[in-house]
Amino acid sequence: MESESPIETKKGKSRTPKKAKESILKQKSPAEFFAENKNIAGFDNPGKCLYTTVRELVENALDSAESISELPVVDITIEEIVKSKFNSMIGLVDRERVDEELYDDYETAKAREKRLAKEARALEMQAKNAALGKKVKEHVVPKSVKGRGEASFYRVTCKDNGRGMPHDDIPNMFGRDDLFNIHFNTCLHARYAVLSGTKYGLKQTRGKFGLGAKMALIWSKMSTGLPIEISSSMKGENYISFCRLDIDIHRNIPHIHLHEKRDNNDRWHGAEIQVVIEGNWTTYRSKILHYMRQMAVITPYAQFLFKFVTDTPDKNVTIKFARRTDVMPPVPVETKHHPSSVDILLIKRLIAETSKQTLLQFLQHEFVNIGKSLAERLIGEMGPEFSPKMAVKSLTDQQIVRIHQLFRQAKFDDPSGDCLSPAGEYNLRLGIIKELHPDMVATYSGSAQIFEGHPFIVEAGVSVGGKDVKQGLNIFRFANRIPLLFEQGGDVVTRTALKRITWNNYKINQTQDKIGVFVSIVSTKVPFKGTGKEYIGDDISEIASAVKSAIQQCCIQLKLKILKKMQAREQQERKRNLSKYIPDATNAVYDVLKEMAKLHASKKKRYEEGDADILQKVSDQLITEEALKEKLTQHVEKVDYEMALEYATQSGESEEPREDIYLESLDAKSNFFDFHGPIFVFRLFL
């Protein structure tokens, strides 16, 4: 092999060419990826980070309690930490400024002079107006400019009564994940399993990314450097596991500061997570409180206690969302994939993880709605190189593509919605009434429908009137029983309510009435749009049609109630108009009867026997003016009732809408049973 020859330069000197640097392909850990792309998980800015941290912790707490059929009790506290306290927490000594001009909020002498002159002119104008007797606005002292470095810090604590976590698993559950080796298992602590639990299986879940508290830990590491603290205990344990840890973002491993067992004298079970992060309560206060209120609407069986604590007592906030029912939705069931919903990568992964040996067994047991006969027909359609007894793990890439193509083209039965867990009409109605106190409300729960091989259920509620409800449409959106507060304009619920519902047809004024529109969509795969997964697109016709139908069903119910209310109001108006003439009519009629009685008594005029009897009773004071007034009043009420009945019959309102009632079967140990209707549960104790 020839050696490299030196290159001759203009000066006659030779040099050896430099070797090109080898390109290094760096593999990022999942934690590092999310740290660099935190906006994907909803950590766009300090305010959004505080909101998303609260949301993740609350939803994880609900998942934990519901997984053991425990009525959730969730306490969430946000404590503001001033700069001096934060510095002492990290061991940093406060230091006075030396070079003022170095800081972002530095005010030059010229700027200060200009500001003072402006304030002096404002005070002078205020004094002149006061002397002239004009109304004077109170002078507002401008706030000092907050520098970019003046961050706000908060300690967020969330405590629940859920399942808890095994002592030895806590560090890895919070400090380690593997984005590219996702395990589908039914581990007891899936509530905190970050990117490694059933949140990536085919199951209805609250989480959008499966990150849970992990992203809050990463944000704490980035913004404060302080570790996260976890206390946990499982049912029946006499100790509480305490762990203080942070994460090595680059190596994707936990860094444990303290991990010990403590006494559990109160026999508490659940988890308490405490994290210190940079945030902004001022800008996201309304969003956080709105989120808590909507969560109370969709989960009326949970009890929430929210606190915001600061050094300024008048800024403290304490809100308790009390439990209103003990009826919980069923726990979502994990299900297998529908053939029409899988892609090539998913088929390969299922083949790699399956315990089945043959292709026939694989098709039968790894997918829903494929029985033995259908599996054999599919294999026959795939081609001569396929056979029922061929080893499934011997399939080539080309054969897997053929399977995928056939899955996309073949006809399969729709998947069942039994794996889904909607809130239920009863809970949705109760939540709306509990939080909004509307004048009237209607709810509807649709049957399971399908899009792209995934089942979904749409529930809706429409209310009129209520507390703290603005005029016009107030839209509340939920996906897998969690509120969606951002990017409302592009959401299928918003577009449907604004553009596809003719509210006037249902006797509802879209601009003047206080209308609440609540739509909850649950599915094994919610088709979110955007990186933040904050809204559901309007481009899936099956979901758009189901949302419109659910809202319309609620409007039809409300129309009946509104018509009855209008009928009652008209009935009262008719009765009031007739009743106000009763005294004058009674007086006039009775005067005529008295004159006729006088004529009859003087025998100047003769009347028939029936009329004569009445006139005689008038003469004998057996028929008085008061008795006549009472009879007229009774007649007005009778006529009013008959007119109302005729009006109702003509309006098609002669019969009340009927509702089915379902009676649960009893086991030997039960001492009560429940009547379940779509809008109520009646419990009868024996």
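Good morning. At 26% relative accessibility, arginine 349 counts as partly exposed, where partly exposed lies between buried, under 20% relative accessible area, and exposed, over 50%, with a 1.4 Å probe and protein chains only. I begin with this residue and then turn to other parts of the model.

Two remarks on the source come before that. The model is predicted, so local features need pLDDT of at least 70 and side-chain atom pairs count only at pLDDT 80 or more, while totals for chains, interfaces and linings use all residues. Residues are numbered from 1 along each chain as its sequence is written, and side-chain values use heavy atoms, with hydrogens and water left out.

What does arginine 349 form a salt bridge with? The partner is glutamate 353, and the closest N and O atoms are 3.6 Å apart. A salt bridge here is a side-chain nitrogen of Lys or Arg within 4 Å of a carboxyl oxygen of Asp or Glu. Because glutamate 353 and arginine 349 are four residues apart in helix α8, about one helical turn separates them. Helices are DSSP runs of H or I with at least four residues, strands are runs of E with at least two, and both are numbered from the N terminus. Glutamate 353 is partly exposed, at 45% relative accessibility.

Helix α8, residues 344-353, also takes part in a packing arrangement: the buried residues of α9 pack against α8, α10 (372-382) and α11 (397-409). Contact means heavy atoms within 4.5 Å. Helix α9 covers residues 359-366, and its buried residues are Leu359, Leu360, Phe362, Leu363 and Glu366.

How many salt bridges does a search of the whole structure find? The search finds 18. One of them joins arginine 477 to aspartate 491, with the closest N and O atoms 3.0 Å apart. This pair links distant parts of the chain, 14 residues apart: arginine 477 belongs to strand β14 (residues 472-479), and aspartate 491 to the loop between β15 (482-484) and α13 (492-500). Arginine 477 is buried, with a relative accessible area of 1%, and aspartate 491 is buried as well, at 0%.

Glutamate 435 is buried at 11% relative accessibility, and lysine 434 is buried with a relative accessible area of 11%.

I turn next to an annotation. An unreviewed UniProt entry places the feature "binding site" at several positions, among them Asn60, Asp160, Lys208 and Lys533. UniProt positions follow the numbering used here, feature names are shortened, and annotations may be inferred rather than shown by experiment. Asparagine 60 is found in helix α2, residues 46-66, and is buried, at 1% relative accessibility.

Finally, the surface. Leucine 102 lies in the loop between α3 (83-89) and α4 (109-131) and is exposed, with a relative accessible area of 67%. Together with Tyr103 and Tyr106, Leu102 forms a nonpolar surface patch with about 310 Å² of accessible area. Glycine 236, in the loop between β5 (228-233) and β6 (239-248), is exposed at 75% relative accessibility. Glycine 236 and asparagine 264 are 28 residues apart in sequence and 10.0 Å apart in space, C-alpha to C-alpha.

For the patch, residues have over 30% relative accessible area and no salt bridge; like charges are joined within 9 Å, and nonpolar side chains (Val, Leu, Ile, Met, Phe, Trp, Tyr) within 5 Å. Accessible areas come from the Shrake-Rupley method with a 1.4 Å probe, and for residues only the protein chains shown count as cover. Thank you.
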